Amino acid sequence: MARYITITLDKRGVSCRALLLDDQAPRTCRAVWDALPQSGSAYHAKYARNEIYTLVPPFAQPQPGRENPTVTPIPGDVVYFGFEAWEIGNPAYGYEDSSEAHGAQGATDLAIFYGRNNLLINGDAGWVPGNVFATIVEGLPEMAAAAQDLWLRGVEGETLSFARAD
């Protein structure tokens, strides 16, 4: 049976619907589904390009490990990253000291990609593979427009929320 999630930029009131890829990333889908809803400050990628994401406390114990990984996500990909505490705390990333990026247990990054030509590489760590666990099936053009607005006008006060959908 197909399962779906809703992903929302709360302040902008824009949502999209994504199909979980249970057959391609079963451990990641289970971990995310069991932990929903999740919400946190919205960020626009600095390095990866056409990505918006949120950082939340780690919720998968144990981590799902690599499955359906990519370093070149395509528009509509919904991706899970599990970061250790040391991996994203560099001041160059711009996260406030109180953000999940500086959590003692690390952080979980839930991301969507809304445009082409993305490359998941980090100047400190090299390649950063993520698990593609869902694909956006409704609302991608509206979410892409809102994501571009985040890039142009800033993310302050915006949250990105993930929830189970009917």
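This is a predicted model: local features need pLDDT of at least 70, side-chain atom pairs count only at pLDDT 80 or more; totals for chains, interfaces and linings use all residues.
Student: Why is Asn-68 called partly exposed?

Tutor: The relative accessible area of Asn-68 is 26%. Buried means under 20% and exposed means over 50%, so Asn-68 counts as partly exposed. Asn-68 is found in the loop between β4 and β5, and its phi is near 50°, a positive value in a residue other than glycine.

Student: What makes Asn-117 count as exposed?

Tutor: Asn-117 has 53% relative accessibility, and exposed means over 50%, so Asn-117 counts as exposed. Its position is the loop between β7 (107-113) and β8 (121-122). Phi of Asn-117 is also positive, near 65°.

Student: What makes a set of residues a nonpolar core, and which residues have the most contacts inside the largest one?

Tutor: The members must be buried residues of the listed nonpolar kinds, joined through side-chain atoms within 4.5 Å. The largest such core has 35 residues, and those with the most contacts inside it are Ile-5, Ile-7, Ile-52, Phe-59, Val-78, Phe-133 and Phe-162. Helix α2 (residues 140-153) gives the largest share of this core, six residues. A second, separate core of 19 residues includes Tyr-43, Ala-107, Phe-113 and Val-132. In soluble globular proteins, nonpolar side chains tend to be buried together.

Student: With which residues is Phe-162 in contact, leaving aside its neighbours within four places in sequence?

Tutor: Contact means heavy atoms within 4.5 Å. The partners of Phe-162 include Ile-5, Ile-7, Val-78, Leu-110 and Ile-112, and also Leu-36 and Pro-37.

Student: What kind of peptide bond joins Leu-36 and Pro-37?

Tutor: The bond is cis, with omega about 5°. Pro-37 is found in the loop between α1 (26-35) and β3 (38-44). A cis peptide bond also joins Gln-61 and Pro-62, where omega is about 0°; Pro-62 is in the loop between β4 (51-56) and β5 (69-70).

Student: Which residues does Leu-140 touch, not counting residues up to four places away in sequence?

Tutor: Leu-140, in helix α2, touches Cys-16, Pro-75, Gly-76, Phe-113 and Tyr-114. Leu-140 and Gly-94 are 46 residues apart in sequence and 27 Å apart in space, C-alpha to C-alpha.

Technical notes. Residues are numbered from 1 along each chain as its sequence is written. Side-chain values use heavy atoms; hydrogens and water are left out. Buried means under 20% relative accessible area, exposed over 50%, partly exposed in between (1.4 Å probe, protein chains only). Helices (H or I, at least four residues) and strands (E, at least two) are DSSP runs, numbered from the N terminus.
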